[in-house]
2 protein chains.
Amino acid sequence: MSLIIDCHGHYTTAPKALETWRQRQIAGIADASLMPWVSDLKISDDELRESIEQNQLRLMKERGSDLTIFSPRASFMAHHIGDFQVSSTWAAICNELCFRVAQLFPDHFIPAAMLPQSPGVDPATCIPELVKCVEQFGNVGINLNPDPSGGHWTSKPLSDRSWYPIYEKMVEYDIPAMIHVSTSCNDCFHTTGAHYLNADTTAFMQCLTSDLFGDFPTLKFIIPHGGGAVPYHWGRFRGLAQEMKKPLLKDHLLKNIFFDTCVYHQPGIDLLTKVIPVENILFASEMIGAVRGIDPETGYYYDDTKRYIEASTIVVGDDRHKIYEGNARRVFPRLDTALQAKEL
Amino acid sequence: MSLIIDCHGHYTTAPKALETWRQRQIAGIADASLMPWVSDLKISDDELRESIEQNQLRLMKERGSDLTIFSPRASFMAHHIGDFQVSSTWAAICNELCFRVAQLFPDHFIPAAMLPQSPGVDPATCIPELVKCVEQFGNVGINLNPDPSGGHWTSKPLSDRSWYPIYEKMVEYDIPAMIHVSTSCNDCFHTTGAHYLNADTTAFMQCLTSDLFGDFPTLKFIIPHGGGAVPYHWGRFRGLAQEMKKPLLKDHLLKNIFFDTCVYHQPGIDLLTKVIPVENILFASEMIGAVRGIDPETGYYYDDTKRYIEASTIVVGDDRHKIYEGNARRVFPRLDTALQAKEL
C-alpha cells in the first residue's frame, strides 16, 4: 500500500485576513503611511485549522491522498509587486502560514517555500529566507519563479549564473525546486491558462539549450502542470536536442527534471505516462487550484488526478507506487527523512 | 483517394541572396546610406525552382503529399526589426517570392501571406499588403503574429479591437489566419522550442477568455504546432471555460479554431486526434522547419507527420480524408475554389 503524496499543493484557501493584509501592503507601496506591520496580521490556529479541514484536507480524505507538499498560493506570490523588501516580508508571512499548517496537520502537510524574488534583484538575496525555511521550518523544497516580472520575462534564463547561488544552496540542502510562475500582469497571458503552461515549456527549453545540469549534476527541478507542452511535443524536443548535438534527453535532462501529474483529463495523463519514464513522474493535483469544477464528461472533479492514475492501463503495478510515493521520496530527500523519522 | 494538403509550410530554403538582402536592410536601419533597393534583390526562376525541387518538393514526393499552403519563413518575419516601412518592404519581398514559387509549381504550392506587422503600429496598416496578396497573388490565407515584438508580448491580446480591421478583411475575403509568431529576441524563449508553442497556447486562451467569435462568427484561426499545449491540457481548458461560465469549448471556440498536425511523434498525434474533433484538425508538417532530423526511435523524419496519421488507429476511414483534404478545403475556401477551377 503506497502513501499517496501530492507534491503540488498551494495554500489557496488561507483566511481572508491574509488577502486583506496584502492589500494594505500594496497600498503601503504608494503611501508609506499605510504600510501595515507584520504583527497586524492575526490568524489563529483555529482559523488555519478550519481553512484546511473544510477544504484541502476534506478533499484529500475524499480522494484518498495522504500527504501534500504544501506551498504558498502561487498566484499570490506576485513577485512583480513592490521591491525586494515588500517581497521579503510577504514571503516570510506566507511561508510561516504553511509551516503552521504543517505543524497543525503533521501527518498531512509538509511545507515547501516561496522565495522573496523581485524583478531585477539578484536571486542570491533569496537565500536567507530559503535557509530559514529549510533549517527552522522543515521545508523540503522550494518554488522558484523563472519570471518574477509576472509575464514580461525580464530575468535571465534559468541557466544564467545569476541563479547559481540558489542552486548551490539547493544542492547543499538536497532540496528540489518546482519551477512555478505567479500571476501574469501582462494582458496577453491568462495566468493559469497560458502563463503557467508557457513557463513550464520555457523552463524546460532553457535547461535543454544549456549545460546547467553539467554544472549541477544533482540539481533537481520539478516542472509542474504535467510539464506544460513538453510531453505532448516530446518528439519535437528530442529532435531539437538532436539538432543542437545535445545528448539524448534521458541523459541530458531526465536525471534532473521531473514532471507532476497536474493534467486534468485521462488522455493527457495517458500521454504523459506513455512518453515520460515513470521515474520522472510525481503524483500531484494542485488541489485546490486553477480548475475547481466537476467535469461533466466524467462526473468527477477535473483535478482529481488520482482517478486518472487509477484508471490508467499504462501505469500498473510497482510503477504506480513510484508515481505516488517512491519518486517523491527520491526527489525530496528531506521528505523521505521526515517520513522515516515517523517510521513511514 | 485524398489530395494530401499540407496547410503549414514555410519557404525556409530561399536562395541565400534573400538573407543577404535582409542583412543589408537591417544594416540600413542604423545607417540609411546602406539601405538596399528592392531591385537589388535578384533571384531568378531557376534559382527558385532549384531551391524548391531539391528541398520541399523532393520531400513532398518522397512522403506523398500533394499540395502545400506556402508562406514566408516564419522565423525570418522578425517583425520586431525596424519600423513599419522596414516590415512592409520585407513582407512584400517575401510574399512575392512565395507567389512566384506557386506560379512555378501551381500543382504543388499555393501561397499564404505574411503581414508587415510592426510593434506598436496599428494592425490596420497591414491591410494593403493583405489585399494585394489575396487579389493579385491568389493567397488563400495569412499568417498573423500575435506578438510582433518577438517575445516581449507588448501588443494587445487578439481579442482587442485594434485587431478588428484585419478580421473584417479576413471575413470579407473568407480567408483564415494561422496564428504564428516569429523569432524570439527575448533570451528567455527559445524560438521554436518555447516561443512558438507558448504563442499557440496564449492565442487559444485569448480566444477562450473573450467573445471574439461572437463578434466574428465566421472568423477562422488555425493554431499551429498541434495547438501548443492545448490538446494535452484539454481538460484544464474545458475546466477553465466552465469556471468562467463560457459555453462548452466545442460551441465557444471549435467553430472557429483549428489545429494542425505539426506534432512530431506518434503519441502526440494520437492525443491530438483523440481529444480534438476530427473536423478541427488539418494535416501539416511545417516541413522543412524546426526539426529536420531523423528520429532514431523510428528511423524516419520527425516531421514526416503523414506517417503518424497513416499509423493511427484512431483516425480511420473518412476521418483521414477530412484531415488530409476535406477540412483544408472548408477552412481555406479560396483554396477549394482554386482546386475546383482545376477540376480537383
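## Second largest pocket

The second largest pocket holds about 320 Å³ of space, in a predicted model. A pocket is an open set of points on a 1 Å grid where a 1.4 Å probe fits, with protein on both sides within 12 Å along at least five of seven lines, and lining residues have an atom within 4 Å of a point. Of its 23 lining residues, Pro106(A), Phe109(A), Ile110(A), Ala338(A) and Lys342(A) are the closest to the centre.

Helix 15 of chain A supplies the largest share, four residues.

## Largest pocket

About 420 Å³ of space lies in the largest pocket. It is lined by 25 residues, and those closest to its centre are Trp234(A), Arg238(A), Asp295(B), Glu297(B) and Tyr302(B). Helix 10 of chain A provides four residues, the largest share of the lining.

## Helices 5 and 6 of chain A

Helix 5 (residues 84-104) and helix 6 (residues 127-135) of chain A pack at about 10 degrees, with axes 11 Å apart. Helix 5 of chain A is therefore roughly parallel to helix 6 of chain A (angles under 35 degrees count as such). Ala91(A), Ala92(A) and Asn95(A) of helix 5 touch Glu129(A), Lys132(A) and Cys133(A) of helix 6, contact being heavy atoms within 4.5 Å.

## Basis

Residues are numbered from 1 along each chain as its sequence is written, and chains are lettered from A in the order in which they are written. Local features need pLDDT of at least 70 and side-chain atom pairs pLDDT 80 or more, while totals for chains, interfaces and linings use all residues; side-chain values use heavy atoms, without hydrogens and water.

Definitions and conventions. Axes fitted to C-alpha atoms, helices over the stretch in contact; angles between N-to-C directions. Helix = DSSP H or I, 4+ residues; strand = E, 2+ residues; numbered from the N terminus. Parallel < 35°, antiparallel > 145°, perpendicular 65-115°, else oblique. Points joined across faces, edges and corners; volume = space filled by probe spheres on them.
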